[in-house]
Amino acid sequence: MAVGLLSHELSDLCLGKPALRSLSISSTIAEALEVLKTSDDNFVSVWSCDHKSKTSLGFESAAGFSDDYGDDDDECRCVGKVCMVDVICYLCKDENLVSPSVALKEPVSVLLPKIPGLVMHVEPSCSLLEAIDLILQGAQNLVVPIKTKLSNKRKQYQKPSPTVTIHKGREFCWLTQEDVIRFLLSSIGLFSPIPAFSIDNFGIITPEILTIEYHSPASAAIGAISRALVDQTSVAVVDSEGTLIGEISPFNLACCDETVAAALKTLSSGDLMAYIDCGGPPEDLVRVVSARLKERNLNGMLEHFTMSMSSCGFSSASSSDEESMTTPMSPLPRSGRHSKSMSYSARMVRRAEAIVCHPKSSLIAVMIQAIAHRVNYVWVIEDDCSLVGIVTFTDMLKVFREHMETMA
């Protein structure tokens, strides 16, 4: 059975994976926002191709990836990925807060991190071991062509999307660390007794973590949020004694809209956690953000923020304090699925409480925790809630990879 696990190819992990939605590298940030707000995935792939777009937004369409392009597949590559957090951190720059409408006209390429190897093309025949090695070397997403047989079957049940990446008749999907961890979990018995050992037994608790104090301005965490996005971790919010209170998570921010940049620049870390928590921002914090934008003469973001809040039912977001006290404000709906046009999409709504474990928690328990909450990490705390460190999917994969050496 161990030999069977090692013989798996990435095509086995691609079963049921949706085809990638894509953007041309020449698309604008505004166009990226439109795709992100209507996508079931928190990320959208960015492609560099010589094809001319056939769609109104400049995305690479099925026609754009036509057979008459040529034979060199290397000329059409996924060069990165973007998510709402990239847009939020970009808009937090002072010059962009002054005029967000101008900032959103910039090419999406300005959002791509200058870190090579985060997204890598691989063939479906790539082995599971090779894929794990690429992830341990820094790859976050492996771009895999969907086999033709599977692609044809898929087309019988799916409506074509103008933003699905197709080149020479091939669709692409991508695999993440979570996909690999889920696959290993399905064969966890092959690794016995290792999964039952505690995480501190393996030495995979990382003490170097990103933190910010609860009462500190959230703007002080912007750089840490960008780094956490690249590292696929989070920023811990702690009190003055280092006790974990919550987190500012890129996974949560990715479910918001771009106007959260206004809250990130004007609120404290503690208030920001409440602002991005599930159910929508409290109306008193909406008023605070609006008032502080006005105080700082950030009229461009104030207008953008007011329009967004109005579409969500906060009709008096930009009114005076006196009007705010007399005019009822409608909060975002707290039941059912949120509209994609609202600040909190239907993709994933999770509270800002951090997902935690203890140093003596078993490896398999921590794996299941992370998968259940759709995050790539779990915070490690002591019984008094003091923060010890963090355990990531990468740390877990190192353990399994070492054991696979003995299985080969």
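The axes of helix H3 (residues 29-37) and helix H4 (residues 84-91) cross at roughly 140 degrees and come within 10 Å of each other. Axes are lines fitted to C-alpha atoms, for helices over the stretch in contact, and angles run from 0 to 180 degrees between N-to-C directions. Helices (H or I, at least four residues) and strands (E, at least two) are DSSP runs, numbered from the N terminus. H3 and H4 are therefore oblique to each other; angles under 35 degrees count as roughly parallel, over 145 as roughly antiparallel, 65 to 115 as roughly perpendicular and the rest as oblique. The crossing of H3 past H4 is left-handed, a term used if the near helix is turned anticlockwise from the far one by less than a right angle, with right-handed used if clockwise. On the H3 side the contact (heavy atoms within 4.5 Å) is made by Ile-29, Leu-33, Leu-36 and Lys-37, and on the H4 side by Met-84, Val-87 and Tyr-90. These residues divide into six nonpolar, no polar and one charged.

The model is predicted: local features need pLDDT of at least 70, side-chain atom pairs count only at pLDDT 80 or more, and totals for chains, interfaces and linings use all residues. Residues are numbered from 1 along each chain as its sequence is written, and side-chain values use heavy atoms, with hydrogens and water left out.

The count of disulfides (pairs of cysteine sulfur atoms within 2.5 Å) comes to one. This disulfide joins Cys-49 to Cys-76, with an S to S distance of 2.3 Å. The link is right-handed, with 60 degrees about the S-S bond. Cys-49 and Cys-76 both lie in the loop between strand E2 (43-48) and strand E3 (77-83), so the pair ties together parts that are 27 residues apart in sequence. Both cysteines are buried, where buried means under 20% relative accessible area, exposed over 50% and partly exposed in between (1.4 Å probe, protein chains only).

Two further cysteines were examined. The sulfur of Cys-173 has its closest cysteine sulfur in Cys-14, at 3.4 Å, too far for a bond. Cys-173 is buried, with a relative accessible area of 0%. For Cys-256, the closest cysteine sulfur is that of Cys-255, at 6.8 Å, again too far for a bond. Cys-256 is likewise buried, at a relative accessible area of 3%.

Across the protein, there are 19 helices and 13 strands. Of its 408 residues, 54% count as buried.

Conventions
Nonpolar A, V, L, I, M, F, W, Y, C, P; charged D, E, K, R; others polar.
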